[in-house]
Amino acid sequence: MLILHCPYCGVDADETELSPGGEAHLKRFGPGSSDEDFQDYLFARENPRGVHFERWRHAAGCGKWFHAARSTDTLEVFGTYSAQTTEPPKEICDRISGKRPGWTWRLFG
Amino acid sequence: MKRYSAFAIAREALNYHTGWSRAWASPEPKKRYDVVIIGAGGHGLATAYYLGKNFGITNVAVIEKGWLGGGNTGRNTTIIRSNYLQDPSAAIYEKARSLYEDLSQDINYNVMFSPRGVMMLAQTQHEIRGYQRTAHANALQGVQTEFIGPERVKELVPIIDINGPRYPVLGALWQPRGGTARHDAVAWGYARACSAMGMDIIQQCEVTGVRTENGKVAGVDTTKGAIDCDKLGVVVAGHSGVLAEKAGFRLPLESVALQALVSEPIKPCMDVVVMANTVHGYMSQSDKGEMVIGGGTDGYNNYTQRGSFHHIEETVRALIETFPMISRLKMLRQWGGIVDVTGDRSPILSKTPVEGCFINCGWGTGGFKAIPGSGWGMAELMATGHSPLTEAFSLDRFKEGRFIDESVAAGVAH
Ligand SMILES: Cc1cc2nc3c(=O)[nH]c(=O)nc-3n(C[C@H](O)[C@H](O)[C@H](O)COP(=O)(O)OP(=O)(O)OC[C@H]3O[C@@H](n4cnc5c(N)ncnc54)[C@H](O)[C@@H]3O)c2cc1C
Ligand SMILES: [Zn+2]
């Protein structure tokens with residue numbers, strides 16, 4: 001069972017309490033952007049085997065959206081953080097670097 | 001390759017079965033092939049087989065990081081049907097289903113195709129309308145299905161409770177020539193047939209990089225060294241995103257866990273496949289007597305081949321409501337596979353931004369049924385650059401907004 005710490009209400013929530021919200025930190029492209037950018041924004045995904053950043057919602061709890069840094073090949077959770085940010089906080093990145101030297105994810109890492 | 005037959009069994013019996021040769025060879029890789037296929041699952045092997053059979057291309061290697069058929073092909077619940085909604089889907093799934101009908105004869109390997117009938121229960125008014133629509137679409141597509149009432153459901157499946165408290169059975173979409181096949185045998189049979197044509201199936205060999213020259217594919221790096229090729233087919237299901245990254249492009253899909261489980265064996269009690277999409281569960285009985293059960297996918301990216309237990313619980317809870325007699329069955333095994341799911345729940349069979357590199361993926365939760373048709377179309381695409389079967393499934397459909405929406409037909413995972 002995946003357990004994520006909700007950075008808002010402070011609960012360690014079981015995955016049955018949470019709804020997954022897909023890849024985090026997507027850069028939005030709207031009207032006026034190129035077809036390629038718009039397609040990538042809508043459909044292309046990192047889908048990495050390893051370090052990943054996701055959106056989650058504490059659906060059956062406080063109801064807030066937050067971010068999680070997780071590994072998709074071990075299910076290890078590196079940490080969770082506020083949804084009000086466009087990139088993972090340095091502290092989370094440093095923690096990942098300690099465990100997975102040389103990791104990359106899109107533009108971060 | 002020695003032909004398998006009743007006569008061969010008798011002949012070998014006289015030699016105390018010491019005369020059988022291995023079903024396929026395990027050679028070391030050559031330096032170069034005309035075509036390299038990454039992934040020895042059903043789709044990769046079928047692609048290789050039809051490249052040889054339909055186009056005479058036999059200088060082919062199929063490279064597998066584990067053992068052949070050890071991916072989703074050996075982990076699925078073997079449901080075969082072609083009752084999809086959209087025309088391109090009906091074409092490729094029905095092509096596959098019809099090839100399954102005499103696949104055992106074609107590849108001289110018993111894949112135990114059992115067209116026992118597949119029933120998709122309608123348990124809400126919405127589902128009745130949806131399945132009636134599918135039945136009409138199927139009639140136009142030449143796919144034999146019909147919408148049947150609850151009495152007929154009960155007649156075909158006596159163990160079902162059609163008056164369930166929450167979700168009574170209101171009817172069903174019935175495909176009499178759908179069914180099941182032995183999943184391992186499909187992989188093994190194609191592998192044996194490929195090997196007999198002189199193709200190399202290289203197991204325990206991981207592709208670690210894709211080499212390109214001037215935007216064109218040149219070969220692959222593997223744990224057994226570099227291998228050159230003119231054309232490359234990437235057919236790695238849950239690992240498609242990983243391989244695409246190595247080749248330098250991204251894909252519109254995500255990898256999630258899908259699980260299945262089987263019960264202890266019991267006497268024959270259900271001779272059709274039943275799927276209940278509203279409550280998220282489906283079930284069939286194997287030849288050994290085990291009830292084979294599957295349900296929905298997990299909601300988040302995962303490469304571990306382990307799923308969340310609460311999904312198993314939900315599936316079983318739902319099925320017990322519809323099949324009360326299974327409530328005291330013990331479950332024997334449970335496992336997961338990593339499935340590659342696209343936004344429109346349809347596969348991708350396509351050229352890629354890298355010239356000479358083709359991809360066959362996105363079969364997600366339901367590609368076992370499609371293996372022969374997918375291999376047929378993919379071989380044509382790779383050999384000639386075009387296939388009517390795969391045309392609609394190209395990568396650029398996402399850019400062009402030509403989705404092949406099968407989110408209803410795909411229903412629960414199967
Ligand atoms: C639990 C479950 C139930 C299912 N039930 C059904 C069902 O009832 N009916 C149905 O139609 N479908 C079902 N499916 C879906 C079906 O199993 C898949 O769509 C299908 O098997 C995919 O076949 P494939 O050949 O594309 O992939 P796979 O069989 O997964 O083969 C891909 C191969 O690529 C190899 N590979 C990956 N990366 C590399 C690399 N870098 N180098 C070399 N090799 C590599 C893997 O080891 C693997 O063997 C189910 C799936 C699951 C998990
Ligand atoms: Zn919370």
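How are H2(B) and H10(B) oriented to each other? The model is a predicted one, in which local features need pLDDT of at least 70 and side-chain atom pairs count only at pLDDT 80 or more, while totals for chains, interfaces and linings use all residues. Residues are numbered from 1 along each chain as its sequence is written, and chains are lettered from A and ligands numbered from 1 in the order in which they are written.

Two packed helices are described by the angle between their axes and the distance between the axes. Axes here are lines fitted to C-alpha atoms, for helices over the stretch in contact, and angles run from 0 to 180 degrees between N-to-C directions; helices (H or I, at least four residues) and strands (E, at least two) are DSSP runs, numbered from the N terminus. H2(B) and H10(B) pack at an angle of about 55°, with their axes 7 Å apart, and the two helices are therefore oblique to each other, given that angles under 35 degrees count as roughly parallel, over 145 as roughly antiparallel, 65 to 115 as roughly perpendicular and the rest as oblique. Their crossing is right-handed; a crossing is left-handed if the near helix is turned anticlockwise from the far one by less than a right angle, and right-handed if clockwise. Among the residues that make this contact are His43(B) and Tyr50(B) of H2(B), with Trp376(B) and Met382(B) of H10(B), where two residues are in contact if their C-beta atoms, placed from the backbone, lie within 7 Å. The contact divides into 12 nonpolar, 6 polar and no charged residues; Ala, Val, Leu, Ile, Met, Phe, Trp, Tyr, Cys and Pro count as nonpolar, Asp, Glu, Lys and Arg as charged, and the others, Gly among them, as polar.

H2(B) also packs with helix H7 (residues 183-196) of chain B, their axes coming within 9 Å and crossing at roughly 30°, in a left-handed crossing. This contact has 10 nonpolar, 2 polar and no charged residues.

H10(B), in turn, packs with helix H3 (residues 87-101) of chain B at an angle of about 115°, the axes lying 6 Å apart, and these two helices are therefore roughly perpendicular to each other. Residues of H3(B) including Ile92(B) and Leu99(B) meet residues of H10(B) including Pro372(B) and Trp376(B), and the contact comprises 8 nonpolar, 3 polar and 1 charged residues.

At the level of domains, chain B is assigned domain 1 (27-109 + 182-252 + 344-410) and domain 2 (118-178 + 255-342), with bounds that come from an automatic or database domain assignment. Their C-alpha centres lie 27 Å apart, and the contact takes 31 residues from domain 1 and 27 residues from domain 2 of chain B. On the domain 1 side, H3(B) gives the most, with 4 residues.

Ligand 1 has 40 residues around it, of which Gly39(B), Gly41(B), Gly71(B), Gly337(B) and Gly367(B) come nearest; a residue is near a molecule if its C-beta atom, placed from the backbone, lies within 6 Å of it. The elements that give two or more residues to this shell are helix H2 (42-55), strand S12 (253-265) and strand S16 (331-342) of chain B.
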